[in-house]
Each structure stands twice: as structure tokens, then as C-alpha cells.
Amino acid sequence: MRKLLLLLMAVGLCVTQLLAQTRTIAGKITGPDGSPIPNASIIVKGTNYGTTSKANGTYSMNVPEGSKILVISAVGMSDMEISIGNKGIINAALDASDKALSEVVVVGYGTQKRKEVTGNYSNVKGTEIAEKPVQSFESALAGRAAGVQITVPNGVVNNPPVFRIRGTNSISLSSYPLVVIDGVPTFTGDQGATNAPANPLASINPNDIESIDIAKDAAAAAIYGSRAANGVVFVTTKKGKSGRAKVSYDGWVGFTKAMRLPDIFNAQQYVDYKNEALNNLKAVSPSTTGSFIIPNDKNGNPINTNWYDEVYRQSFSHSHSVSVAGGTEGTTYYFSAGYTDQQGILKKNSFNRSNILLNVDSRVNKILSVGGKIAYSNEKNKIPGTSGSLPGEAFNSAGVARLALGLPPNVAPYNNDGTYNIASATAIGGMGSLVNNANPYTFNNATMLLNLNRSNNELNHIQSNVYVQLKPLSWITLRSTYGIDNVLIDNDVFLNPYHGDGTSGGNGPGGGATASYLKNKIWLWTNTAQFDYTFADVHNFSLLVGNEQQRFTGDGFGINRRTLSDSAYTVIQAGFTTNNTAGMTITQNYLLSSFGRLNYNFDKKYYISANVRQDEYSALGVKKGNFYGFSAGWEVAKENFWKNLGADQIFSSFKLRGSYGKVGNIAGINDFATYSTYSSGLYGGNPTLVYNAVGNNKITWETSKKTDVGIEFGLFNDRIRSEIAYYKNNIDNLLLNVPQAPSVGLPGGPNSVFMNVGKMYNQGIEFSANAQVIDTKDFGWNTSFNFSYNKNQVTALANGLTEIQTTTSSLETVNKTVVGKSVGYLWVVRTAGVDPATGRRIFVNANGDQVYYQNTAPTGQFQWMTADGKQYQKNGSNASVNQADDGVLYASSVPKYVGGWSNTVNYKNFDVNFLFTYQMGNYLYYGTNAGLHDQRFWNNSTDLLGNYWQKPGDVKKFPKPLYGDNTSNGSATPLDINVFKGDYIKLRTVQIGYNLPKSVVDKAHISKARFYVAGQNLAIITKYPGPDPEVSSNGNSGTSFGVDRNTLANGRTITLGLNVGF
Amino acid sequence: MKLKFIYTLSMAGMLVSLSACHREYLNPTPQSVVSDASAFSTAARISSQVLGLYATLKNGSFYGGRVIVYGDVRGEDFLAQDPNLVTNYDVWALNVTNTATSVKGLWLQAYQVINACNVFIDGMNSKGLAVVGNTVGNAYLGEAMLIRALAYYNLLQYYARPYADGSGSKLGLPLRLTGILGPGFSDLARSSVADVYAQILSDLNFAEANLPLSNAAAAASAANITRAHRNTAISLKTRVYLSMQKYDKVIEEANKIVPASAPFTAKSGVANALVSDYTTIFKAPYITAEAILSMPFTSSSNDAPGTQNDLRSYFYAAANGVGSIFSLNPSGIIANTGWTATDARRSFIVTSVATQNIGKIYMTKYPTATPVDNVIVMRWAEVLLNLAEAKVRTTNTVDAQAVALLNAVRNRSDATTTFTVASFATPADLINAILTERRIEFLGEGLRNNDLMRLLQTIPAKGVVAAKNPADDGYIWPASSDEKSLNKLWADQ
């Protein structure tokens, strides 16, 4: 109704306008090189008289008698003001814009000129992330924008990175930002149901991206109301420009190798060390027999298996995109097709994408424009079973990354007769290595799993929208957009019947297969009206009102089949004896919103802006919520006193701005969280109905109150631009599963109720600077640096909930969230070195007392002993040092400082680009290290050599090896010796390019040709001993960050590329 | 201008049509589950809910398998083969901590059962009885109360001092009797052991009064073994009273159904009886007159106990040597010389020939992977032996009926051995023979712990594990750490 009134007003204005006396002016708008500029805006200053230039740059319009000044503006160009006088022909030659300051920023339901923006945005150009050997664009954002933290969790391809804007903003819900692609919010996070991650953002070919705008504060993000707490990322794909069709090809090939894998024992080192440990055990446990040997292979040579070679590979990837962009006077188009096939460093792990994109925009006449987009992509994510690197997989006994480290080098993947070397369904064969007359090697044979299993998925992703836009008057824009985003997912898992997970549990015995199909669909309808009007030359108003509805439906079904009828079968459709359901899903949600934005500036000097949004969301108990953001800016450089001071000689711009607002988070709330329900099951084949979920019909948004103040300034005609911001984000009503005593017997959680209870804040400082250091005809150097500091602290949990322990894959708990600390604080047991007299690991209990540990105690001694040689006791009974009693909050897993430094140097036809990223102030729990020093049959790190205790008096880092000891080095209990600083500086990308000289390309009848060679992850400076301090075994989890447990290493990539333009 | 007007009006029309937004989508109804508001709306839903209570009881952490394993491996007849704490090494070693999988898991699941029963009982009283009528409704309530009683009884056997220790005066369990549907009910003090037993008996008495005499005509029918009937309630009462050492009450209950002399086929209700072939009890289709209550499974995954819960994974060793977590203790009950080699019950004992486990001895009552074998909650032989023991203890004589009952159980499997009154010099000898018979008859059926506890006996040593006296730490389980930290009224013993 409100909108209707506005429209009627608008119609009224149309009528009054007819009364004014007018005359016609015309002319042509050109760029600095004399080429025509289409779509330039030509407006009589202070009025609503205006038009836009045609494809050939010409325009013609009526102006009222007595009009004084014409304002001409165009994207990428500086505004120009020309006195009208009596002239009938007014031509204008625009200058290229003052660098990026006059670029437009995508602000949600529209665009704004960067210099008029008072919210906090970071912008990343498409060119900065194109040509990178990544699967999805956001993986390439690391170091590119202040306040943005990207952590690529491991080397499995198409894994969604950890993506944080200004810290972790939720405990139970997602901290992933809202991603809006061409106006349509899309899916994020792993959408697959197999061991191959499926990041839906990988459907976008990075080459198709024009720009990425990241809204960080409330003023910028509040237009997305209840979903804005984690920031909003606007992705804009490329559009065509009027003129001749431009065809371009971009392609690269790349080679990737795992980097910084830990050095582990070869067969001889392994056997020597393990036998020493076994002999030490025999000394205290006479019943122990056997030894480790090195058997011979079929050629009679000693076996020396490097399991890295069995699991890892040098991988090959390639990518190709072709685009055609162009347009006529009224219609522009961008069409592209892409294909990429990227192998992972893990054997048989790959990502394959074919995609097309078509953007069409058509100005039918002065008033009506229509357009739309069709994007389709097909993505295949393949992996041979579990890598052990996705959330929940860290302790998978079939996790191949773990097996590569742990499998003994003195056994081979194959027996000498060529069959797989296995002792049983779950154990690799010992090949004669026996302890206590038994094969000690209870790990799976990784080679067999890699060869016989698969856990793939395939996504068909369709993103499309159409819009119609009316400009009944130059200052009124009415727009209606309908968009869809459909992700259709096929999951396909097969586990062999002989070895590994297909032999028992949910996929065995006798092999198992799971297939499921899931349809995730969003539709969205947005209607907006925008009014841009200037009064009395200086009062510039821009008002947006809109309404939007978005509906999500997800439904899926599938089957899990066990026990193959014939061992040759490998597909779900074959014969199996047992059938169960899998992937049964049916869910939906609906978001109904209205929103508005008012921007006002006085003479482009004083700015104020307000965003409001009301959302109603189906999954909540309290469905309706209002969100807002206010901001103000002051362009000091436009003040006279500034000029009087002479500051304008140095500062080309100087803007103060601030904002405050309230936004929300709903990402990850179960669609039916408000309902208490009964679910169906079976009792001996008969149907049951079981009270299964406790709903809470009072739940509502997590709210996030954001404050942001900052300055932006340009120096020396904007050759140097810088931005400094302080922010604080107070988060309230955190949704937490509040545990109830188990005797309450509530189902679902179990015994927990989802409630809005916790509080947390993030505050920090961001700094970014960009300088065109050298800018001559032949030589250019642009450098850009950013830095952000963030402090996270939990300030309240719930009554009865003093701490949240978050497990890594259900087995190990190293993260604890408590009030007064940052989320996911590392929680471990302290140690105090190794006793030089006895070689025992010294543990430190809660009181700070030292307790000596030996896994197998000789007669008369004990496992846990005090310094004076007595059995360790607590409260009068025999005790051990354990995490529950003696663990301490040890170190923060949240990085304090993140940022990047990028440089682009051009010299004649050469260009060089390099990017450093860094992260500091966090600690990582390197759980893999516990496994690398485990004294069971597991293979060990070579850092043990020369560093373990052998005789009294030895002062060593590692205790006396005692076969079977899984406690002294941290496998049984997380220890401080496996916590390391996560600081690093990484040379993330280097690219050297060469443009063929114009004389050559002209002869070849092409417009451009460029070759480049690039490297990713070439160098890293860190004290972290693991493969990569950029790691997360728990994926995007808000409360269990900073864990590296049995994770696949990251890779180092070299690419060779080619761009050709026709 | 006319054009503008038309465009604008059409756009305005479009925007107005927005008021036709789908507000109904704001209140979506889940389609794959039933809302609590309508769970008691039809007779079919209520009937499904009753089966749902059994399904909750059948969870892998409880009667799906684990509670049986706990009952056996706390005792002396098994040896652990796998030091994995998740698969109950610590239960066997009698050193569970308050965060052990077993300690937290059983506590959690038993109370899930209790609250599910409470919610059902409340719902029946407020809505359900009107839908299904009082006769059917009260029978349903009887089943719910019987299941609740089973949960409380099992909790007492692990987390509370035995009744014999102070005649039930020690701290028992938080006694929760009303359905809990939301947050805020964590704090509840423990009732005494005696009070919890009193509630169990009250529930079973209600069940006895309201359950049908039988669920189907044939004693050996799925309906009679998978759902409670009147004899189920009475049989369970003999177990409960035996645990309370109220032997006269055991006799009183047993006499309602056990005839005075052989053949000991139930004289009322379902004609429960000893089957002639012991091995059929543990074989598909498991439908025997002997089973009073047992938990059925099918191959469907949501009808299965889950990994590391099913009895097969604990007790059965495959021919290739893989699979068993507990082997039989060579010096446990299988060493008993009175247990003859030809006894049918020895057919479930095998010595492994697989290289991994060569020479180790395993129990094969539960050999099936999919669907796993039925778990027996109670069977007729126990009722007979409960009565036999109670008779001896109350009369303090070598009671003839007791001998006959014992003999019925023994003779069925071992025709070569026949006990007579003359076989026993003293009542104590007869009691010992009955207790020994229970270890033989119910090996791997989860009763050993309860028998040790009710008599406050020392848990004998086995393997590397020392004996545990009733006064020792570890004789009973500690409280679940979660209960201790979240129930502010919790008090340790």
C-alpha cells in the first residue's frame, strides 16, 4: 500500500512536469581516448531532467528554460559539470575516474558510488581472483580485504574454506557470510552427503566475476536484516558492453604437489625404533614376545613402503573459459562457457565443472528495461572414500590421510603374489611382523581402499533471474526481479566388501552402497522502487523501498544397500541383500521482508544514511523482527577550512564516517526447530511413533549490534588511498543447546533445548592502504596492504551451561568455550618434559604437581607416580592425570591478526603480481603430532631420532619408548606439547605475465594475448611443524577452530596460463 | 506520457499483487513427523506410540544390547579381548569413570525411556483414554508403566547400592513420574532405593491389573513375546522382589502363575513354559512359549541396535577370528565340572581355531549379524529359578518344589543329571546349586551383575582384574558426570 501511494505521487509529479517551458539540447559524450561512452547520465543539476547517452555516445533531451548546469557522469569516469548557457550542442569528454574512489559499490538492491558510501565495504575485483587454481572464488579472497579471514582447511578439492568477516559471530549457528550472487542469496557450505566436499559456490567460474563487494558493518549489511550478522558478500557477474562482440579465451594448466609433509620413518628406521620400544616393554612385561622385521618383496629386496606415494600424487589440473561479450545500442550480453578438471593431491580426488553463463540486459525504450541471467553448472566431486579431513572424519579408521602417516613402512600394499596385503576386514597384513604372536597392524590398507572405494557426488546448479525495470521519470526506478537458485545433488558411495568400512557397521558386511538425491531450491521475488532526487542543487536524496519474499524447499531421498549379492558388483542398482533408506529430507522455509534505505547528502559533503528491514521467518518462534543500520559521513576535504589549511594539497579526500545498527543471524536454524514432534520408526518391523524432538517456540534471531567508525582518505590526488576502521560487534541472544540433566529424559538433543541465551563480542581495528607507487608509461607499481586485528570474547552462556566442549570427530575434545575467553579455547593437559633419570613423561595436574607416567609399570611401580615414587592418588584413591580433572585453558585458537600484502608491477609488456598473506596470534592443536609419536605400531616422525630418552641422564624431548604407550605423547589425552603457534606469512600467489606486443597481436588479428606463469603457496614462514598452519579439521565450526588432526596436507601449485582476446 | 502512465500502472499493479505473498509459508507443517499436538488424536497413533516405547527400550544403549553386556561382563565369566573403552573394557575391569560411555549411555537411555513413558502416560490421561476407551487405554498404560518399571529397575542395579545394603535406605534415583516437555526441570534429588522399588512395584501392580491375559491365542506368538501381558508383569515382579530379598513376595507372585508341580507350564494367562530344546530359544524366529518378553529386530537400519551395541559384536567370534570383544573365562562357569559335556547349553560354547584367537573360547548364543538376534528381557526359566531360590530361602529347607524347579531347568538340557532332594545336604547347597544353574542357564543374558548385587556378593577376580568387595569403590557405577553437573540437587552416596 505504501508503495502504491508513492507511485501515485510519482504519477502526479509527471503531470505537473508538463507545465514547464523547455528547449532541446544534444551532444556527444566521449572518453579520454575519444571513444563514445554509452549509458552516461546527463542531468540538469538540481532537477529531475535527465537522460542517458546512447551506444554511440549521443544524447538529446529537453531542459527547462534557465537551466544552468549539466552534470554528466558515467561508470568509471569522473563526473563533469558544464555550464549550459544558451548552447544547443553540448559535447563532453570525460576523464577516467579518480582511481577506485568513484567506482560503484554493490550495496544490496542497488549500487552506490564508492565516494558516497558511508557503510564499510571491501571490494575485490574479479581480475584479482581470476586465473587462480581454486575451485570456488572465495578461496582466493584470502589477504585481499581487511577484516576477511579465509582458511583453506586442507588439500581436498572443493572444500569450502573457513570464511569469517570480522571474527566468529556465532557459536551454534553458522558464521559464514551471506553470499548474494547477482541479487539472489545462494547456498553455502558443503552440500554433498559423501566424503567429497561439495562447495556450491564452486558453480561460479571465477573468470565470470566482475567484482565482489563485502559489506562488513551494520550500515552496509542491514539491508539484509536478519541474515547480515556475518557480513554480506555481493558477487556481480560480468555483463556485456555495447559495441563489437569481444571474444576472449582464458585457460591454464597446473601441477600441484603436497607440501611440507612430515618426515616419517623408512622401514629400517621404523623396525629399529619399534624393536627398541618393544624390548623396553619386554623388560617390564615378560609375556611380550615377537619383533618387527623387514620382509622381502617378490624380487627379494627388503620392503620399504613410502605410504605417501600410495596416497598422494602430483596432480594435474586444467581450466578453460571462453566468453563473448558485446551488444547493440539497446541490448548487451555476456555469454561464457567454462570447463575445468582439477585433480587433488589425494589420488582419485578431483573436481570437474562445466558451466555456462548468459547475462542479457536490454533497454527496450526510454522507460522500460528488461534482462536476466541464466547460469548452469555441472560439478563432479570425486574422492575414493574418506580422506579423514572433513568435519567428523578426523579419526576415521579408513581416513587415507591418517593412514599415509600411520601405516608401517615395513609392510607393502600388495603381497608378493600380487594380492592385496590384508590380514582381515580391517587390518593390513603383518607380513611376518608379529607381536605376541599376532599381527599388530590394525590399520586399513590404504591402497586397497583407494582402489576399490568411492564417495562421489554430482551437483547440477541452476541460477537464473529475470527483471523488468521502469524509469517513468529520470529519478524514479521501479524494478521487479524474480530469481531461482536450484542445487540438485546426486550422492554416490560404494564401499568394497573385502576391506575397510564396507565390511561392517552401516555399510557392511559384504560391501555397501549409498545413493541419494537431494533437491535444494530457492525462489526469490524482489520488488523495489528507487527515487533519486536533488533539491536546490545541494540536497541529494536517494530513497529505496522494497519488498522481497524468498522460499527454500529441500527434499531428498535415497537408499543404503548392504551385502553384495555378487562380489563383482560396484553400483547401487546391482544386487544386495539388505535395503535401508538414506538421505530422507523434506524441509522448507520462507522469509518475507520489506525494507527501505534513505541516503541523503548535502552537497556531497555531509552524508547520512538509514537502512531498515523487517523480516518474518518461518523457522522461528518469534517470527517478526526489525533490523536497521544508520550511518553518517563527513567529507572534510570539501570544507573551506580544509582548503584554507592547505590540506587539500596533500589530501585529495578525507572522509570521516560512522555507523551503528542491529542485524540478525538465522543461518543454520533447523526449519522445524519450534516444533515438538513424534517421529516414525520400527519395533520388530511394526510402525512406531516416538517422541523425538523438543521444540522451542520462543526462539528468535541471534542479534548483532554493530558499531563502526572510520576514516577514509586519499593522498596526492588519490595515488595513495587508505582506510582505517574500528568496530565492535555485540552479539546477543546466541542460540545455544542448553543441556538439561540427563535424568530429565528429553529426546532430540538429547537433553538439551535450543534457546536464545548467550552473549559474545568481536571488536577490532582494520587498516588498508593502496598506493600507486610508480605510474609511468612503461613502469607501474601498485601496492596494497591490509591488516586487521580482532578480539573475540564470550561474555555469557546459559544458566546451567558454564562451558561448551566441542569434540573433534566425537573422540577428542580440545576446544572449550567459556565465558571470558575467545570461542573454542584450546583445552589441554600440561606436561613438564621428560624425567632425565627414568625417561618418563612428566605430567602436570590441576594443582601444578608433577606426576610421572609410564605406560607399563614394572612390578612394584605404578603407571602414575608422584615425584617421590608413590602411587599417584587423588582424594585418597588411585588416580591418573586426565583432561577432565587436570586440563587447563591453554591458548586461543582464534587468530588476532590477519591480512595481506599484494603488489602488481608492470614493466612494458611484463607484469608481475604477488600476494603475501599472514595470520598471527593464534595457536593450533597439532593432533596429528600425537599420532606421529604414538608408541603403538604407528609409524613415527623422524624428529624422534636422537631426541628420545635412552639412558639415565639423557635430557631429551621425547620419553623412553615403550611399545604400546599411547599416553606419553598425547594420543590418549590432548597435551600441551602438541599445541603450537599458528603464526605464518605465506607467499600465496606469484604471477608473472607477458603481453604480446601490439605489433604482433595486430598481425595475428587478435586484440590481446597474454601468457603467464603462476605459483600458489610457494613459500611459508612459520614455526608450525605441521604441513600448513592454515588448517581446520572441523571445517567451519565456530567453536572448534584451530585443530589439525590427521588432515590431508595442502598443495603447492604451479600454473601456466594464456589469455587471448579477439 | 500516456506510455509512462501505462507502464507505471502495470508496475504498480504488480507491486500490489505482492500483498498476495504466501503468508501461509510462514507456518509450515513438518510432513515427515507428527506434531505433539496431534500425537494422541487417533487410535492408530496411540497404538504406534506404545510400540514406540518398546522401541525406545530397545535402543542399543539399553535392551538393544548393552545392558545385557554390562550384566555379564561385570561378572567373572568373561575376559576382555579389546582394550577399547567404548566397547566396555572398563565395565569389565570394574573401573568405569563418571564419563564412561557405559555410565553416561545407560543413564541417558534409561531416562529417555522413563520420560517417554511419562509423557505417554500424561497424554493418555489427558487425551488418549477418551480416544481409545478405558479398557484398551489402561492396557496401554500398563505397558508404559511396565516399561518404566524396567528402566528404573535396571538403573538401580548399576547406579545405586543394592537393596540389601541398608534395606533400601541408601540413595537411589531421581524419581521422575511426570512427562517433561521443555527446559527447567533438571534439579531433582534422589529418592531412596526403597522408594524407587516401591514405585517399580506400584507400576508393575498396575500393569498386572490392566494388561490383557494374553495378546494372542498361542503362547509362542510374536504378540506374546514382544509386548507385555499379565504374566510379564508378574514375572518381572519375581525378579524385582528377589532383588529386594523379599522372598515371600517372590513366592506369592510366582504362585499366581507357576503350578505346584511339573510340568511347570503357566497356569494362567499366556501358557509360558520351558521349551524342550534349549537352543531354539536363541534361534530365529525366536518365538517360543519360554520367552516372556524379548526385543525383536529386523534388517531395517532403524530397527537395529547400531554398531558396538549388538550382542553379536561383543560375544561372537567369526570363523576367521574377527569380531569378538569378550571371550569366555576358562576358569569361569564353563569350568564347572557339574556342567556336563553333553549338556545342550554347552553347544553354545566353541573354541576358536582361527589364528588370531586360537584356543580362545567364545559363546555363540548370538551369531547373527543382520538382523541381529532377539534380545531376551525375561524368560520362563528365570521365573522358575526365582521361585526355587525364594522357596529355599523362606523355608530354609531343601524344598522339594525348589528341587523340582531346578531339575526342570537342568533336565531339559542335560538328561543325564537329575537332582533329587537327596542331592543336597543343606539348604545352602541347594541355594548354591540354583545360583550356579542361573550362571549356566543365563550365560550371556545379562543377569550376572544383578545376582551379585542383590546378594551383596564380592565380584570375583578374573584375568588381570582383582575382586571387588561390596565396600570397594567401583562395586557400583559412579553417577553420570552430566547428571552430577547439571542436577543441582544431586548428592553422591
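At 25% relative accessibility, does Asn733(A) count as buried, partly exposed or exposed, and why? Asn733(A) counts as partly exposed, because its relative accessibility is 25%; buried means under 20% relative accessible area, exposed over 50%, and partly exposed in between, with a 1.4 Å probe and protein chains only.

This is a predicted model, in which local features need pLDDT of at least 70 and side-chain atom pairs count only at pLDDT 80 or more, while totals for chains, interfaces and linings use all residues. Residues are numbered from 1 along each chain as its sequence is written, chains are lettered from A and ligands numbered from 1 in the order in which they are written, and side-chain values use heavy atoms, with hydrogens and water left out.

**Backbone features**

Most residues other than glycine have a negative phi, and most peptide bonds are trans. Asn733(A), which is not a glycine, has a positive phi of about 60 degrees and lies in strand β36 of chain A. Helices (H or I, at least four residues) and strands (E, at least two) are DSSP runs, numbered from the N terminus. Asn717(A) also is not a glycine and has a positive phi, of about 55 degrees. Asn717(A) sits in the loop between β35 (702–715) and β36 (720–739) of chain A, and it is exposed, with a relative accessible area of 55%.

Chain B contributes cis peptide bonds. One joins Ala262(B) and Pro263(B), with omega about -5 degrees. Pro263(B) is in the loop between α10 (247–255) and β5 (291–295) of chain B. A cis peptide bond also joins Ala284(B) and Pro285(B), with omega about 5 degrees, and Pro285(B) is placed in the loop between α10 and β5 of chain B.

**Salt bridges**

Side chains of opposite charge can pair when their charged atoms come close. A salt bridge is a side-chain nitrogen of Lys or Arg within 4 Å of a carboxyl oxygen of Asp or Glu. The whole structure holds 61 salt bridges over all chains. The table lists some of them.

| Pair | Closest N and O atoms |
|---|---|
| Arg454(A) and Asp492(A) | 2.9 Å |
| Asp885(A) and Lys874(A) | 3.0 Å |
| Asp165(B) and Lys170(B) | 3.3 Å |

Arg454(A) forms a salt bridge with Asp492(A). This pair links distant parts of the chain, 38 residues apart: Arg454(A) is in strand β24 (residues 454–473) and Asp492(A) in strand β25 (residues 476–495) of chain A. Asp492(A) is partly exposed, with a relative accessible area of 26%.

Asp885(A) forms a salt bridge with Lys874(A). Here too the pair links distant parts of the chain, with Asp885(A) in helix α9 (residues 883–886) and Lys874(A) in strand β46 (residues 873–874) of chain A, eleven residues apart. Asp885(A) is partly exposed at a relative accessible area of 44%, and Lys874(A) is partly exposed at 22%.

In chain B, Asp165(B) forms a salt bridge with Lys170(B). Asp165(B) is buried, with a relative accessible area of 17%, whereas Lys170(B) is partly exposed, with 30%. Salt bridges that share partners join a set of residues into one network, including Glu290(B), Asp343(B), Arg345(B), Lys365(B) and Arg379(B).

His499(A) is in the loop between β25 and β26 (512–535) of chain A. His499(A) counts as buried, at 0% relative accessibility. Contact means heavy atoms within 4.5 Å. Not counting residues up to four places away in sequence, His499(A) touches residues among them Ile422(A), Ser424(A), Thr426(A), Asn444(A), Asn445(A) and Met448(A). The C-alpha atoms of His499(A) and Ala446(A) are separated by 9.7 Å, and the two residues are 53 residues apart along the chain.

**Chain A as a whole**

Chain A has eleven helices and 56 strands. Of its 1062 residues, 59% count as buried. Among contacts between residues at least 6 apart in sequence in chain A, 68% join residues at least 24 apart. The C-alpha atoms of chain A fill a box of roughly 110 × 70 × 65 Å, taken along the principal axes.
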